[in-house]
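Here is a short briefing on pockets and on one helix packing. Have the model open as you read.

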Amino acid sequence: MSIPLHAYFQGKIVPYSEAKISVLTHGLNYGTAVFGGLRAYWNAEQEELYLFRPLDHYRRFLNSAKLLRMEINHTPESLTQITIDLIRQSHYRQDIYIRPIAYKADEVIGVRLHDLRDELAIVALPFERYLKNDTDAHVTFSSWRRIDDNAIPARGKISGAYINSAFIKTDAVLAGFDEALVLTQEGHVSEGSAMNVFMVKDGVLITPPITDNILEGITRRTVIELAQGELHLTVFERPIDRTEIYLCDELILTGSAAQIVAVTRVDHHPIGSGVMGPITAALRENFEKAIRGHLPKYQHWNTPVYLSERVMQHN
Ligand code: PMP
């Protein structure tokens, strides 16, 4: 994996090697940090890099920070502008991933959220595929349960909470699967380790509600909008039982890193006919067009990184 060229760190853009924190940093010791994960996609014809739904990502990021009582003196717009400046500094002309993180920065002993200083950092690095098998993934049901809203809220993208995801992912991979689905304490299907889940049954798209301990994914929202707007599908947000998954026609995982993944087997049960289904394929096709700026109807999702720089050079 590539390393970032630059970082936004302590209020300015610096070479990545200068963005360093201490071993006693609160966020490192207690997981008191929140993060985001967004992508920008290169459009070679237009020579433009499109940031995908940055305002939605940064709204969620600031909400996660709010849960941890952080004071980040930024708006979604100002964070988007910093991201654009950071990417321009590195002159990326390829698909990239952007990782903003806000963390409790004091070097002190004592677990708490209050009376601590908050810091913000953002890095951007070249990035391609997250899941190797994204057209015929094999997943399992994890023996772990999803963290609960009354323990660690999953709707916040909280660093410490990702131990739950790491348990889920590593057990699945070491057992030979690509990914895992995790159930809520009540036994409903929640999501993957870092992806939301959709199933297709009788032509209807169904996904767990936001009250089933999911992260409210931006790709999830995108898939719902494309399914309704382009494929004219009905979409239900409702609790899903484990065995509904074994019997569904198509199964999909979504995330900014993973994008749209076709799951073709769950615990050695073939899903549908055992190959990627037509709705998954159509969603992937529409998604790929939208993120690269080829669907005018959804161009408001894409923020061009280099446009205003080019306009300034021409003037
Ligand atoms: N669930 C979890 C636990 C995640 O970490 C992610 C990745 N951010 C998602 C779902 C998908 O969210 P998004 O589409 O916004 O990347």
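A pocket here is an open set of grid points, on a 1 Å grid over the protein atoms alone, with protein on both sides within 12 Å along at least five of seven lines. Please keep in mind that this is a predicted model.

**Largest pocket**
- The largest pocket holds about 940 Å³ of space.
- Its lining counts 49 residues, and Phe35, Gly37, Tyr97, Arg99 and Ile101 are the ones nearest the centre.
- Elements that each supply at least two lining residues include β1 (6-9), β6 (96-104), β7 (118-126), α4 (162-174) and α5 (218-229).
- By class, 28 of the lining residues are nonpolar, 14 polar and seven charged.
- Because domain 1 (6-126) and domain 2 (137-295) both give residues to the lining, this pocket lies between them.

**Second largest pocket**
- About 180 Å³ of space is found in the second largest pocket.
- Among its lining residues are Asp56, Arg59, Arg60, Lys66, Arg155, Glu216 and Arg221.
- The lining divides into seven charged, three polar and one nonpolar residue.
- Helix α2 gives the most to this lining, with seven residues.
- The second largest pocket also has lining residues from both domain 1 (6-126) and domain 2 (137-295), so it lies between them.

**Packing of α2 and α3**
- Helix α2 (residues 54-67) packs on helix α3 (residues 76-90) at an angle of about 115°, and their axes are 9 Å apart.
- The crossing of these two helices is right-handed.
- On the α2 side, Pro54, Leu55, Tyr58, Arg59, Phe61 and Leu62 make the contact, and they meet Pro76, Glu77, Leu79, Thr80 and Thr83 of α3.
- Seven nonpolar, two polar and two charged residues make up this contact.

Notes: Residues numbered from 1 in each chain as written. Predicted model: local features only at pLDDT ≥ 70, side-chain atom pairs only at ≥ 80, totals over all residues. Heavy atoms only, no water. Axes fitted to C-alpha atoms, helices over the stretch in contact; angles between N-to-C directions. Helix = DSSP H or I, 4+ residues; strand = E, 2+ residues; numbered from the N terminus. Left-handed = near helix turned anticlockwise from the far one by under 90°. Contact = heavy atoms within 4.5 Å. Nonpolar A, V, L, I, M, F, W, Y, C, P; charged D, E, K, R; others polar. 1 Å grid on protein atoms, 1.4 Å probe; cavity = no way out; pocket = protein on both sides within 12 Å on 5 of 7 lines; lining within 4 Å. Points joined across faces, edges and corners; volume = space filled by probe spheres on them. Domains from an automatic or database assignment.
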